[in-house]
Amino acid sequence: MLGTLAKWLRILGYDTYYTPNKITDDDLLEIAKKEKRILITRDKELIIRAKKHTITTIKMQETDLIEQIRKVIKENKIDEKKFLSRCSVCNTELLSISKDQVNGKVPPKVFESKEKYWYCPTCSKYYWMGSHYDDMIKRIEKINS
Ligand SMILES: [Zn+2]
């Protein structure tokens, strides 16, 4: 349910566990506890159960993405140096790569206009700061300041 938030938390550099596949609440609680993760959920019952396991939780009632991010940032300081350090799809840490390495691998328009690129070794996916990213980062920097 919070897939878009998970994607953006990764772009912002947060180590974010999210799976679109169904897993049971028991499994989820076990992962959160074992890996000392903060559980972000809309599910009130799950929050009650998590608290019994001494798992830190964030109850997410917000539906607007910026509001959701604001709530996470409030409890977990954001590190702007980590922006674009994780793959938004799989959470792997991205490798910074040179412009030469993406020649022919990204759309020509992108290649002409962008200098910085990143690569996910797990997904074999290339990243650059597109306009959507720029807009979002500006909004996030505003709520972070
Ligand atoms: Zn990836």
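Helix axes here are lines fitted to C-alpha atoms over the stretch in contact, and angles run from 0 to 180 degrees between N-to-C directions. Helices (H or I, at least four residues) and strands (E, at least two) are DSSP runs, numbered from the N terminus.

**Entry 1: ground rules.** I am reading a predicted model, where local features need pLDDT of at least 70, side-chain atom pairs count only at pLDDT 80 or more, and totals for chains, interfaces and linings use all residues. Residues are numbered from 1 along each chain as its sequence is written, and side-chain values use heavy atoms, with hydrogens and water left out.

**Entry 2: overview.** I found 6 helices and 5 strands in the protein. Along the sequence they follow the pattern α-α-β-α-β-α-β-α-β-β-α.

**Entry 3: helix 4 and helix 6.** I looked up how residues 65-75 (helix 4) and 131-144 (helix 6) pack: their axes come within 10 Å and cross at roughly 45°. The two helices are therefore oblique to each other (under 35 degrees is roughly parallel, over 145 roughly antiparallel, 65 to 115 roughly perpendicular, the rest oblique). In contact (heavy atoms within 4.5 Å), Leu 65, Ile 66, Ile 69, Arg 70 and Ile 73 of helix 4 meet Met 136, Arg 139, Ile 140, Ile 143 and Asn 144 of helix 6.

**Entry 4: helix 3.** Next I checked residues 44-52, where Leu 46, Ile 47 and Ala 50 are buried (under 20% relative accessible area; exposed is over 50%, partly exposed in between, with a 1.4 Å probe and protein chains only). Helix 2 (25-34), strand 1 (39-41) and strand 2 (57-59) are among what covers them. On the face turned away, I noted the exposed Lys 44, Glu 45, Ile 48, Lys 51 and Lys 52.
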